[in-house]
Amino acid sequence: MNNDAILLESVKTHRARLRGAFLVGELAERRDVNDNVKRLIGSVVLAAVISAGCVGTAFVLSAIANQSASSTTSVGTSPSSIGVGGSTAAPQTTSAP
């Protein structure tokens, strides 16, 4: 049983070396394909996280700007409509006799 496991491991190693030589070239220049795939996946995930952070930051800053703009327009009233006591004066109408 042990001889079979050794033979299977040897064949697996041999096929991996042949595949690497076919894809990349000489042993000194060879890099495992799985390393590059892991880097690619990691880069895509990192880019997605950074993009989500930028979009979230822009959304929050836009919401804050809209809220402050709407609060300044609703708080500011014209000074001519404010009476002596600080309350809003109703428009005065005069009736003709």
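Begin by selecting I41, which lies in helix α2 (residues 33-75), where helices are DSSP runs of H or I with at least four residues, numbered from the N terminus. This is a predicted model, in which local features need pLDDT of at least 70, side-chain atom pairs count only at pLDDT 80 or more, and totals for chains, interfaces and linings use all residues. Residues are numbered from 1 along each chain as its sequence is written, and side-chain values use heavy atoms, with hydrogens and water left out.

Is I41 buried or exposed? I41 is exposed, with a relative accessible area of 52%; exposed means over 50%, buried under 20% and partly exposed in between, with a 1.4 Å probe and protein chains only.

Next, select helix α1 (residues 2-23), whose 22 residues should span 32 Å at 1.5 Å a residue, in agreement with end C-alpha atoms that are 32 Å apart; the expected span is 1.5 Å times one less than the number of residues. Of these 22 residues one is buried, so α1 lies largely in the open.

Of its 97 residues, 1% count as buried.

Technical notes
Helix = DSSP H or I, 4+ residues; strand = E, 2+ residues; numbered from the N terminus.
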